[in-house]
Amino acid sequence: MTAAVRRRPVAVADRPWAARLGTAAGLLVTLVALLLAPATPASAHAVLVSSSPAAAAVVSSAPAEVVITFSEGVRKVPDKIRVIAPDGSRADRGEPTFKGAVVTIPVDPSGARGTYLVSYRVISADSHPVSGAFTYSVGAPSTPPTDTGTDTRANPVVGNAVKVAKYLGYVGLLLLVGPALVLAALWPRRLSRRGPARLAWSALGLLAVATLAELWLQVPYTNGGGLFDATGAGFGDVLGSTYGATHLVRLGLLAAAAFLLRPLFAGPVSRTDGLILAILGGAALFTWSLAGHPAASPAPAVSVVVDAVHLGSMAVWLGGLVMLAVFLLRRADERELDAILPIWSRWAALAVAALLLAGTVQGLIEVATPKALVDTTYGQLLLAKIVLFALVIGVAAYSRALVRKRTAAGRPGSMRRAVVAELAITAVVLGLSATLVQTTPARTASATVAGAPDGFFSTTLSSPLYSLQVELDPAESGSNSLHLYAYTPKDNRPQPVQEWKATAALPSAGIEPITIPLLPLTDNHAFGEINLPAAGQWQLRFTVRTSDIDQATVTATVPVR
């Protein structure tokens with residue numbers, strides 16, 4: 001080891017008392033958040049299993065309560081479970097009660113004859129909202145009522161904003177880990193630390209802002225509102241959940257780490273401070289795992305640890321690559337690079353190995369079956385991520401070959417171009433990761449619930465008058481559920497609809513257009529059931545009237561298995 005990578009020990013007592021106080025304050029915030037965190041059972045993307053009265057059932061007398069049972073335990077969203085009477089009034093009385101997977105809704109037992117609409121929106125343990133609706137009739141069916149309350153589906157702008165916030169959080173994490181790691185162990189003594197320090201402070205701020213943005217967005221995401229539809233009560237519900245607690249823990253850990261990072265950015269630090277920073281960083285990694293799919297997997301203990309290892313390996317590898325591309329390969333001389341690059345190459349190899357192992361275990365848990373890997377959105381995104389990751393490994397192998405041949409230090413330009421290529425591809429991989437954490441896991445999307453076949457189709461159709469979100473489940477021959485959501489074409493706000501029409505045809509099998517009966521659930525959401533008698537490329541046609549004179553027709557080709 002040359003002087004380029006030696007560290008000068010610094011006594012712990014030399015650290016200013018303010019740094020100790022700041023670290024203690026950050027850890028105190030973390031401890032309080034941990035103590036306030038509620039204990040919740042493991043579950044993920046809960047789906048409706050049964051109801052009493054059953055969906056589409058006709059009962060002789062009005063029930064005193066409606067009971068809906070999900071596949072997993074759920075949490076409530078205020079005023080998002082409603083029972084609408086045949087005349088359009090609210091038939092539910094009082095707050096519903098939640099006991100694990102069972103939700104009991106008290107209703108008026110003296111209700112009128114006719115068809116009732118039950119709409120719901122709940123939150124599963126991995127923080128994602130689950131919504132739906134069904135009808136039942138008392139005495140005899142009637143024209144189904146319309147729920148005039150707010151839409152039970154998350155605003156698409158909010159959904160996309162959540163993905164952006166998560167992406168920025170990943171970027172902030174790797175841009176913080178990279179400088180901290182390299183400055184602690186590999187930075188040449190003669191080079192100024194100002195550039196890496198500025199990058200790390202910016203990353204710390206980006207990570208804090210992204211965390212706060214996720215907390216803010218979780219309110220309208222769960223309640224189904226727009227970007228600015230956040231209330232005090234909504235924040236209280238989010239902060240009182242596991243999702244909110246883990247984000248508060250992350251902010252506390254970032255505050256504690258900030259006081260230890262300052263001396264690191266000024267010069268070498270002691271082993272004790274380095275160890276404390278490593279512990280804080282490791283603890284922060286678990287806040288991502290505990291707030292998402294891993295905590296709700298069939299094996300949560302394994303999934304949480306594996307996901308933290310996966311995220312940490314990514315941050316070490318990519319953060320180190322950024323430091324190489326931006327600083328070391330430009331500023332370090334050949335002697336210093338001869339000392340640094342072999343060490344970094346070994347670190348990168350270990351990080352990539354851990355990344356591959358953790359990703360494999362994680363994929364096996366979340367995908368569950370080979371069929372789900374191909375047939376679900378989650379599986380397809382994962383395949384795309386694997387392909388891009390293979391390209392990155394190829395570029396990384398070239399970089400490692402340069403280091404082994406001892407030519408990287410003398411040819412920093414070639415090494416830097418390879419590193420930039422790695423970073424460009426992994427930027428896309430990070431985007432896929434941000435989308436994956438918001439996508440229903442393949443094991444859930446492909447699961448058979450109450451005898452229904454597995455599968456799902458979703459697309460967005462555009463016209464000058466509206467944007468139509470189409471969801472067909474399970475997109476297989478037999479009974480299928482159809483959900484339609486209309487939004488304004490420019491700003492993606494709910495578009496009120498006066499009339500819905502839909503047909504399905506399979507020309508290749510000689511099946512003429514079949515009318516799909518549609519039930520308006522809200523002013524921009526309609527629901528229908530259709531039996532598709534054969535597999536093939538079905539032609540779906542939708543006509544949506546938005547006013548007395550304005551209407552437009554859009555079509556979609558749906559592969560039905």
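Guide: Two strands pair here if DSSP finds at least two bridges between them; strands (E, at least two residues) and helices (H or I, at least four) are DSSP runs numbered from the N terminus. The model is predicted, so local features need pLDDT of at least 70 and side-chain atom pairs 80 or more, while totals for chains, interfaces and linings use all residues. Residues count from 1 along each chain as its sequence is written, and side-chain values use heavy atoms, without hydrogens or water.

Visitor: Which strands are the edges of the open sheet of four strands?

Guide: Pairing in this sheet is antiparallel, in the order β14-β13-β17-β18. An edge strand pairs on one side only, and that holds for β14 (511–515) and β18 (551–560).

Visitor: Which residue in β17 is the bridge partner of Thr503?

Guide: β13 (residues 499–506) and β17 (residues 536–545) pair in the antiparallel sense over seven bridges. Within β17, the partner of Thr503 is Arg541.

Visitor: How many residues of strand β9 are buried?

Guide: β9 spans residues 129–138. It pairs with β8 (residues 114–124) in the antiparallel sense over ten bridges, and with β2 (residues 58–59) in the parallel sense over two.

Visitor: At what angle do helices α2 and α3 pack?

Guide: α2 covers residues 156–185 and α3 residues 194–223, with axes 7 Å apart. Axes are lines fitted to C-alpha atoms over the stretch in contact, with angles from 0 to 180 degrees between N-to-C directions. The packing angle is about 155°.

Definitions and conventions: Buried means under 20% relative accessible area, exposed over 50%, partly exposed in between (1.4 Å probe, protein chains only).
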